[in-house]
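Here is my note on the model you sent, arranged as numbered points. Please read each point with the coordinates open.

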Amino acid sequence: MADVEEQAHGEPLNAPPGAAPAMLSPIPPARPLDAIDRDILRLLQADGRASVRSVAERVHVSRANAYARINRLIDDGVIRGFGARVNHERAGHGASAYITLKIVQNSWRTVREQLQALPGAAHIALVSGDFDVLLLVHTPDNRTLRELVLTRLQSIPEVLSTRTLLVFEETDLDPHPGRMA
């Protein structure tokens with residue numbers, strides 16, 4: 001995709017087709033994070049179930065301060081949510097793959113919506129380079145993966161080509177590199 005920043009007619013990507021630039025509502029700039037905010041993020045990345053009390057004690061602030069900071073990080077979109085790290089094989093998804101897609105120029109929004117609806121889609125990224133989209137999927141087995149690629153993905157009109165990279169083994173990275181568990 002030649003130009004990620006603008007559509008063919010020079011309109012910003014976050015604008016509806018034909019929208020005048022004055023109609024756009026700019027995203028407010030992120031507030032800077034201080035050392036305490038970064039410590040809170042590090043702690044919550046390691047344990048999303050940590051209590052506010054525990055976080056407050058570990059970063060040496062009051063519970064009210066920790067609570068307010070966590071809420072601000074959520075409101076500012078720094079923290080997008082909380083979740084579990086899943087062992088996909090033990091959860092019944094023994095086949096994983098990264099799939100690269102080349103798509104029709106300026107079709108990202110349409111393709112993204114269709115990819116989000118795919119069963120097993122775990123991560124979708126618009127990227128630069130030899131392909132346009134990187135998709136991570138987890139499926140119960142290779143037969144299901146094959147169906148997903150050959151039937152579902154390749155039937156999307158805006159998808160020009162795909163390439164499937166099987167995942168043989170995966171490792172979640174520790175949010176605390178160098179720290180002994």
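1. The model is predicted, and its average pLDDT over the protein is 84, with 81% of the residues scoring at least 70. Over residues 1-23, however, the pLDDT is below 50, although this stretch still makes 33 contacts in the model beyond near neighbours in sequence.

2. Strand β1 covers residues 95-103, and because 7 of its 9 residues are buried, the strand is largely enclosed by the rest of the structure.

3. Which strands pair with β1? One is strand β3 (residues 133-139), which is joined to β1 in the antiparallel sense over 7 bridges; another is strand β4 (residues 159-167), for which the pairing with β1 is likewise antiparallel and runs over 8 bridges.

4. Is S96 buried or exposed? Its relative accessible area is 6%, which is under the 20% cut-off, and S96 therefore counts as buried.

5. The surroundings of S96 can be described through its contacts: leaving aside residues up to four places away in sequence, S96 touches V137, H138, L165, L166, V167 and E170. With H138 there is also a polar contact between the two side chains, at 2.6 Å.

Notes:
Residues numbered from 1 in each chain as written. Predicted model: local features only at pLDDT ≥ 70, side-chain atom pairs only at ≥ 80, totals over all residues. Heavy atoms only, no water. pLDDT = per-residue confidence, 0-100. Contact = heavy atoms within 4.5 Å. Buried < 20%, exposed > 50% of the residue type's maximum accessible area, 1.4 Å probe, protein only. Helix = DSSP H or I, 4+ residues; strand = E, 2+ residues; numbered from the N terminus. Pairing = 2+ DSSP bridges. Polar contact = N/O pair within 3.5 Å; in protein donor to acceptor, adjacent residues only side chain to side chain.
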